[in-house]
Amino acid sequence: MKKRICILLSFVLLFIMTGCRNHAAESQKTSNSAPKSEQAAAESKILVVYFSATGTTRPLAENTAKILNADLHEIIAKDPYTEADLAYNTNGRADQEQNDPSARPAISGKVENMEKYDTIILGYPIWHGQAPRIISTFLESYDFSGKTIVPFCTSHSSGIGSSADNLHPLCSEQTKWKPGKRFEAGTSVKKIKKWLDHISSSYPKIQS
Ligand SMILES: Cc1cc2nc3c(=O)[nH]c(=O)nc-3n(C[C@H](O)[C@H](O)[C@H](O)COP(=O)(O)O)c2cc1C
């Protein structure tokens, strides 16, 4: 009888010890791994890039990046646009740049590791029916061969018109372009999701 109790106790002890070891290994695994958001960002192959002179395009870009768990990059002008620069139909700086197809306003900073992205979602305001020239500067600064660019814009009232199509020649022929979309100021997250779902139905790399 004593022997049986001893054997039983040994089994119980072994069981408890194995359980403890597994638990310790499991918690070590959890504490070693990076937070979920960092892991997702590391795996992200989508970059949301935007230029926003007066803050209308910015929240759309931010929400798009949040929905897709994508990285976000703001195009910042080296020489910031003042209110006077942006007053349109005054022949101010923005008007002059839009009138000059060769204008390439300088950008401050750059996208690190552009090569890791396969999809670029590109947001900009409409300036005289077109993308601001700083978008041209951006597109000519990288090689987008093999990547897909998905343009979107905000405007006072104009549609996206020819603004996105006119950006195509600035990139290599190996760049793939999705049709662009115009949004109004303050577009809801629900509407952005609907757009992303629509794109993803023809382009599964974008999953909202
Ligand atoms: C120089 C300039 C030209 C503009 N041209 C147009 C235009 O042709 N059509 C339009 O609907 N809105 C036009 N707008 C208004 C902007 O497209 C609109 O306010 C946009 O949402 C601003 O985005 P942001 O705040 O992200 O810069 C223009 C604004 C500026 C500064």
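The structure is a predicted model, in which local features need pLDDT of at least 70, side-chain atom pairs count only at pLDDT 80 or more, and totals for chains, interfaces and linings use all residues. Residues are numbered from 1 along each chain as its sequence is written, and side-chain values use heavy atoms, with hydrogens and water left out.

**Helix α7**

Select residues 189–202, which form helix α7. Helices (H or I, at least four residues) and strands (E, at least two) are DSSP runs, numbered from the N terminus. The expected span is 1.5 Å times one less than the number of residues.

Next, colour Ile192, Trp195, Leu196, Ile199 and Ser200, the buried residues of α7. They lie on the same side of α7, because they cover an arc of only 135° around the axis; the arc is that of the directions from the helix axis to the C-beta atoms. An α-helix has 3.6 residues a turn, so residues three or four places apart point the same way. Buried means under 20% relative accessible area, exposed over 50%, and partly exposed in between (1.4 Å probe, protein chains only).

Turn to the face directed away from the buried side: Lys190, Lys194, His198, Ser201 and Ser202 are exposed there. The buried residues, in turn, pack against α3 (57–68), β5 (119–125), β6 (148–154) and β8 (181–183), where contact means heavy atoms within 4.5 Å.

Centre on Leu196, in α7, which counts as buried because its relative accessibility is 0%. Its C-alpha atom is 8.2 Å from that of Thr64, 132 residues apart along the chain.

Thr64 is among the buried residues of α3, as are Thr57, Leu60 and Ala61. Elements covering the buried residues of α3 include β1 (46–50), β2 (71–74) and α7. After α3 comes Asn69, with a positive phi near 55°.

**Lys147**

Finally, select Lys147, in the loop between α6 (133–139) and β6. Lys147 is buried but has no salt bridge, and Glu115, the nearest side chain of opposite charge, is 6.6 Å away. A salt bridge is a side-chain nitrogen of Lys or Arg within 4 Å of a carboxyl oxygen of Asp or Glu. What does the side chain of Lys147 reach? It reaches the backbone oxygen of Tyr117 at 2.7 Å. Residues touched by Lys147 include Met114, Asp118, Ile120 and Gln174.

Terms used:
Lys, Arg positive; Asp, Glu negative; His and termini not counted. Polar contact = N/O pair within 3.5 Å; in protein donor to acceptor, adjacent residues only side chain to side chain.
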